[in-house]
Amino acid sequence: MSKCGYIARLELQPSISNLGYDLKLENFPGGSETFEIILKFCYGLPIAFNPNNIAPLRCASEFLDMSEEYEDGNLISKTEAFLTLVILSSWKETITVLKSCKNLSPWAENLQIVRRCCDSIAWKASRENSTTEDIANRQGWWFDDVATLGIDHFMRIITTIKVKGTKPEIIGKCIMHYAKKWLPGMDVELEGLRGYGYGKHELQFSILNAGKEEVSVGQKEQRTIIENLVNLLPHQDEGVSCKFFLQMLKMAMVYNASPALISELEKRVGMMLEDANANDLLIPNYKNEDHAKLNSPEHNTMHNIDVVQRIMDYFLMHEQQQQQKQQNMGKTNVSKILDNYLAEVARDPNLSITKFQVLAESLPENARTCHDGLYRAIDTYLKPIVFFSHIRHYLNMIGEGCAN
């Protein structure tokens, strides 16, 4: 009671057994382990501060009002000094303390522990990246540590680093590093229909509970990570690759992200489409339970053609703006990408002629210097049709022979 203002102010009630007093501390930061350390401090026993216990002890000492008003060298001043002089001067220990703040809300926020840790990390990272040494060989030193943090703390650090003027490509690479760690499946490469088990009756990527109100905690967390990372991405084209945007687009579709977010990703891909390749554009037709109930072949295509069509539309809009600015256009390269993509999806038996034709005609006539790729795609599309027409012809002949 001599060191804790909170307990000194309480009107203690005798316990039922009359052997002492009952004291219940609601929402005590740090739990029983932290309280045990504070008991040792109150009774003059030696305690050791370390990166794992300093944040809980700082919060708990504030909860108990262990200020200098009650005793010189009380726990608030001791923990505050250790945080400022020892922890924040060390990269590794600052990361450890920041992780320990996860279950200390709102105390760690109100006491500025989270802000000070994030600012310290951002300052150290941006200071290193601002040097004239070879950044390509040094920039990754802090990526792994920052990628171990939760998305809230990661966002705050990256936002602060942006303000400090760190190059977009550095920020982009850090975000890509984080995404690969927290979004399983980002690096899965599927090449054409072979990658999807071509030859089966139908391809379905079933997303459990997609579209329902009751979504698992894991899915909500993944969706939150995707949405926050997209918002963090640099607006400059050199920030991240077109391939990464397409990977994020696939993840956003898997975890049923908002239509606005998906549209934003499609737009960013459209602006960089000349840097893509056909395999990057092979986006599986992810299906939720309601979609799976539709029996129309149009809804059973192995690839999401509509997404690529929208990406093409965004690309053409961007090209028109660039043309008005008298800048170079990338239609020639995109025509090759589109023709290669058409050649891949042309083998899908459920792809309608309408969708194939609309996508093939997306580019203006002057965009192709050579039509060989388009002819190859058309030939690929027509082969199964010709094959089945021959089968029908032979079956009719056999039927006529049997009738005779």
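Hi everyone. Before we start, one cut-off: a residue is called buried when its relative accessible area is under 20%, and exposed when that value is over 50%, with partly exposed in between. Please also keep in mind that this is a predicted model.

The side chains of Arg9 and Asp65 meet in a salt bridge, with 3.0 Å from N to O. Arg9 sits in the loop between helix H1 (5–8) and strand E1 (13–14), while Asp65 sits in the loop between H3 and H4, so this pair ties together parts that are 56 residues apart in sequence.

Have a look at Lys243 and Asp280, where the closest N and O atoms are 3.1 Å apart in a salt bridge. Lys243 belongs to helix H13 (residues 242–254) and Asp280 to the loop between helix H14 (259–271) and strand E4 (286–287), so the two tie together parts 37 residues apart in sequence. Asp280 counts as buried because its relative accessibility is 6%. Lys243, with a relative accessible area of 30%, is partly exposed. There is also a network here: Arg58, Glu62, Glu80 and Arg116 are joined into one by salt bridges that share partners.

Now for a pair inside a single helix. Asp119 and Arg115 form a salt bridge through their side chains, at 3.0 Å from N to O. Both are in helix H7 (residues 113–129), and they are 4 residues apart, about one turn of the helix. Asp119 counts as partly exposed at 29% relative accessibility, and Arg115 is partly exposed too, with a relative accessible area of 37%.

Next, please turn to helix H2. Its 12 residues, 31–42, should span 16 Å at 1.5 Å a residue, and the end C-alpha atoms are 17 Å apart, which agrees. Which residues of H2 are buried? They are Thr34, Ile38 and Phe41. These three cover an arc of only 50° around the axis, which puts them on the same side of H2. What do the buried residues pack against? Their partners are helix H3 (54–63) and helix H4 (75–87). Over on the other side of H2, Ser32 and Glu33 are exposed.

After H2 comes Gly44, with a positive phi near 80°. If you stay in that area, you'll find a nonpolar patch on the surface made by Leu39, Tyr43 and Leu45, and together they have about 350 Å² of accessible area. Leu45 is in the loop between H2 and H3, and at 48% relative accessibility it counts as partly exposed.

For a contrast, let's go to Phe154, in helix H10 (residues 151–163). Phe154 counts as buried because its relative accessibility is 0%. What is Phe154 in contact with, once we leave aside its neighbours within four places in sequence? The list is Val146, Cys174, Ile175, Tyr178, Leu229 and Leu232. Take Tyr178 from that list: Phe154 and Tyr178 are 24 residues apart in sequence, and their C-alpha atoms are 8.9 Å apart in space.

I'll finish with some backbone details. In general, most residues other than glycine have a negative phi, and most peptide bonds are trans. So which residues here join through a cis peptide bond? Ser105 and Pro106 do, with omega about 0°. Pro106 is in the loop between helix H5 (91–100) and helix H6 (107–110).

Then there is Gln112, which is not a glycine but has a positive phi of about 65°. You'll find Gln112 in the loop between H6 and H7, and it counts as partly exposed at 32% relative accessibility. Asn256 is not a glycine either, and its phi is positive at about 55°. Asn256 is in the loop between H13 and H14, and with 36% relative accessibility it counts as partly exposed.

How values were computed
Residues numbered from 1 in each chain as written. Predicted model: local features only at pLDDT ≥ 70, side-chain atom pairs only at ≥ 80, totals over all residues. Heavy atoms only, no water. Expected span 1.5 Å × (residues − 1). Buried < 20%, exposed > 50% of the residue type's maximum accessible area, 1.4 Å probe, protein only. Arc of directions from axis to C-beta. Contact = heavy atoms within 4.5 Å. Salt bridge = Lys/Arg side-chain N within 4 Å of Asp/Glu carboxyl O. Patch = residues over 30% accessible without salt bridge, like charges linked within 9 Å, V, L, I, M, F, W, Y side chains within 5 Å. Areas by Shrake-Rupley, 256 points an atom, 1.4 Å probe, with all protein chains shown as cover.
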